[in-house]
Amino acid sequence: MNRLEGRVALVTGASRGIGAAVALRLAAEGASVVVNYAGRADAAAAVVDTIEEAGGSAIAVQADVSDPAAAGTLVQEALARFERIDILVNNAGITRDGLLVRMSDEDWRSVIDTNLSGAFYLSRSVGKLMMKQRSGSIINMASVVGITGNAGQVNYAAAKAGLIGMTKSIARELAGRGVRANAVAPGFIATEMTSALPDTVRAAAVASIAMGRLGTPDDIAAAVAFLASEDAAYITGQVIAVDGGMTFA
Ligand code: NAP
């Protein structure tokens, strides 16, 4: 499929996990891709190499999305190389789990700053470009816990719920300029983020999933590619749960 031929995509947190799968899928569908990462330069370079070996076009750009100045530089570097941005995937995210009464200010702030404010900084500056282009698709990586809540994740669930509200607000503001905004809410996906969880937690999660398996990064990438493409031309302000029947939210 070449649904994204000629488009330029900026994917945050694309060095591994879901973001890497999204970058590879968007490139496979024809997009040029800006592969953002925080610290793992080798992993980001490997994603770029894979895209280039398949005949695609990509660059890796280091930027901490929680820093507004760095987010601005990321957009400038993307424009310097590819001149436009058609697809923004706000995927970068971290967890700092802990129970409410024990959560430090630092664990609260770092998750909000990366998972929510980072998406705001990039949506603000890329949204402006997309409004001028009169086209664009913004996809925010939420989570089912932003809908259902989760014990031990007040910071993370608040950030993800915030992303959902932000997505719907962006969709309302920018629809008239041809820009769509949607969120994908993954369930339990096998990545480094979830690999540290104890086997008992993993088994309980699988038991709660109607389809009886964890999701893969490719499961999420397929939904992102759809939302980025013209196949989703009449879809904006939506939250698509990709969770194998975990929440029915
Ligand atoms: P992951 O494997 O831990 O990868 C996180 C990615 O984000 C890495 O590329 C990392 O870059 C990047 N990153 C972290 N902090 C950053 C920052 N401040 N600035 C720029 N990039 C940053 O995570 P994942 O499981 O793929 O999750 C990706 C997204 O999906 C997150 O938003 C997560 O909340 C969401 N999600 C995941 C699941 C799940 O079950 N895995 C479920 C629901 C939602 P480096 O490699 O350079 O560190």
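Start by selecting V89, which is buried at a relative accessible area of 0% (buried means under 20% relative accessible area, exposed over 50%, partly exposed in between, with a 1.4 Å probe and protein chains only). Before you move on, note that this is a predicted model, where local features need pLDDT of at least 70, side-chain atom pairs count only at pLDDT 80 or more, and totals for chains, interfaces and linings use all residues. Residues are numbered from 1 along each chain as its sequence is written, and side-chain values use heavy atoms, with hydrogens and water left out.

V89 lies in strand β4; helices (H or I, at least four residues) and strands (E, at least two) are DSSP runs, numbered from the N terminus. Which residues is V89 in contact with, leaving aside its neighbours within four places in sequence? Show L10, V11, T12, V22, L26, I139, M141 and V224; contact here means heavy atoms within 4.5 Å. For a sense of scale, draw a line from the C-alpha atom of V89 to that of T50: they are 39 residues apart along the chain and separated by 19 Å.

Now colour the whole of β4. I87 and V89 point one way, L88 and N90 point the other way, and all are buried.

Switch to cartoon view. Seven strands form an open sheet, with parallel pairing, in the order β3-β2-β1-β4-β5-β6-β7 (two strands pair if DSSP finds at least two bridges between them). The edges are β3 (58-62) and β7 (239-242); each has a single partner strand, so one side of each is left without a neighbour in the sheet. Look along the sheet for its twist, which averages 20° from one strand to the next.

Go back to β4 and check both partners. Four bridges join β4 (residues 87-90) to β5 (residues 136-141) in parallel, and I87 stands opposite S137 in β5. With β1, the parallel pairing runs over three bridges, and V11 stands opposite V89.

Next, step from β1 to β2: four bridges join these parallel strands, with A9 opposite V33. Six of the six residues of β2 are buried, so β2 is largely enclosed by the rest of the structure. S32, V34 and N36 point one way from β2, and V33, V35 and Y37 point the other way.

**Into the cores**

Keep V33 selected. Which residues touch the most other members of the largest nonpolar core? Of its 35 residues, they are L26, V33, V35, V184 and V224; a nonpolar core is a set of buried Ala, Val, Leu, Ile, Met, Phe, Trp, Tyr and Cys residues joined through side-chain atoms within 4.5 Å. Several elements each supply at least two residues of this core, including α1 (17-28), α2 (41-53) and α9 (217-228). Apart from it lies another core, of 30 residues, among them V61, A70, L79 and A171.

**Over to the helices**

L79 leads you to α3, where P68, A71, L74, V75 and L79 meet Y121, L122, S125, V126 and L129 in α4. The axes of α3 (residues 68-82) and α4 come within 9 Å and cross at roughly 35° (axes are lines fitted to C-alpha atoms, for helices over the stretch in contact, and angles run from 0 to 180 degrees between N-to-C directions). Follow α4 (residues 105-133) across β1, β4, β5 and β6, running at about 175° to β4.

Then pick α6. Its buried residues, including Y156, L163 and I170, pack against α4, β5, α5 (145-148), β6, α7 (192-195) and β7.

Last stop: R172, placed in α6. Is R172 buried or exposed? At 75% relative accessibility, R172 counts as exposed. Finish by drawing a line between the C-alpha atoms of R172 and V201, which are 29 residues apart along the chain and separated by 38 Å.
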